[in-house]
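Dear colleague,

I am passing on a structure that you have not worked with before, and I would be grateful if you could look it over. My notes on what was found follow below it.

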Amino acid sequence: MRILGIETSCDDSAAAVVEDDRILANVISSQAIHQDYGGVVPEYASRAHLRLLPAVMKSALRQAQVQLSELDGIAVTYGPGLAGSVLVGLNVAKSLALALELPWVGVNHLEGHIFANFLIPDSPTFPFLCLIVSGGHTQLVIVEAEECYRTIGRTIDDAAGEAFDKVARVLGFGYPGGPAVARLAESGDPQRVTFPRAMMEEDNFDFSFSGLKTAVLYYVRALSEDEVQRQLSDIAASFQAAVVDVLVRKTIAAAEKYELPTICLAGGVAANKALRQALAAEAAARGCRLHVPPPVLCTDNGAMIARAGISHLQRGRRSSDELRAEPALTLGFDETSTPEPYQRCTQR
Ligand code: KG4
Ligand code: ZN
């Protein structure tokens, strides 16, 4: 099955052509316009998608050497994300499917992130635990089977990526700051400053990163400008170590509690080398298998949406023209808000 995947939920205009679990093309245009504003400006993002998406799709089809007439279907993100941004991709997909008389399916962006793990040679086997860490989300999900998701923990305030972006701003970097903080951290001392690790002792799988971000802000404010510059890489490394510590500790505890020997990483922050290495070491020490997509498949891309779409279309799912953009879409069954029996998920 050969699918065009379209992703426009935030500030990346992305399209990909995927055939079964093989990526034929994966084109991403990251919108530069937001750098000057220290974060994504929703109105600019949707306008930029309108401008960029046609060229991105053409380029994906050209690279894949696939004609529109050779597609078997279309998959597109319908949420969660910025309403205007999601709308652009969704309406392009609907129109294209109508014109080409193709089946199409709306994909949950978070599910797309999970499915990036099915685009790598060694795909995970069900059930597995997935840590989704992105700019908008941080959650631990048990993936019982395809389309069967059980969220067991989530951030109660900032997402991990959001914390990276905010700390980057405090340290004087533009948006998105995650990669800049990570680069800086590589040459820093992670033990120089002991930043707080929130909710480590709590008997749940929720996260909180807002206090950590504030702690970094206060630490920096107490230093002179020269001292900040001298300590820059140490602050970045110490902050990163706090985020990684919490993410790894909670993920491993969840894998142990639910007896899940397979762990997957997903979302933009999964591109972080320190997180990948720390989780790999802890997983290996407990005999767990860790799957991590390459960085380009961790951050937003069309290939992960196409791959999730292939799974849906193969199972006979089709979206109708009634499907609306859902900016606040959640993933599957959320155990953190309504404690209900596990079976509810497995019966689907
Ligand atoms: O999944 P994603 O591309 O978009 C959302 O769905 O939010 O994630 C973007 C987030 C941003 O916050 C970005 O700063 C962060 O992922 N990020 C990183 C790294 N690469 C991207 N954070 C830490 N280290 C990285 N190497
Ligand atoms: Zn994302």
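**The ligand shell and a helix pair**

The shell around ligand 1 is made up of 6 nonpolar, 11 polar and 2 charged residues, where Ala, Val, Leu, Ile, Met, Phe, Trp, Tyr, Cys and Pro count as nonpolar, Asp, Glu, Lys and Arg as charged, and the others, Gly among them, as polar. Please bear in mind that this is a predicted model, in which local features need pLDDT of at least 70 and side-chain atom pairs count only at pLDDT 80 or more, while totals for chains, interfaces and linings use all residues. Residues are numbered from 1 along each chain as its sequence is written, chains are lettered from A and ligands numbered from 1 in the order in which they are written, and side-chain values use heavy atoms, with hydrogens and water left out.

Of the 19 residues around ligand 1 (those with a heavy atom within 4 Å of it), Gly-135, Asp-165, Gly-268, Asn-272 and Asp-300 come nearest. Helices H3 (109-115), H4 (160-170) and H5 (178-185) each contribute at least two residues to this shell, helices being DSSP runs of H or I with at least four residues, numbered from the N terminus.

The side chain of His-109 has an N or O atom 3.1 Å from an oxygen atom of ligand 1, and for the side chain of His-113 the distance to an oxygen atom of the ligand is likewise 3.1 Å.

Elsewhere, the axes of H1 (residues 42-64) and H2 (residues 83-100) come within 8 Å and cross at roughly 35°, with axes fitted to C-alpha atoms over the stretch in contact and angles running from 0 to 180 degrees between N-to-C directions.

With kind regards

Notes. Polar contact = N/O pair within 3.5 Å; in protein donor to acceptor, adjacent residues only side chain to side chain.
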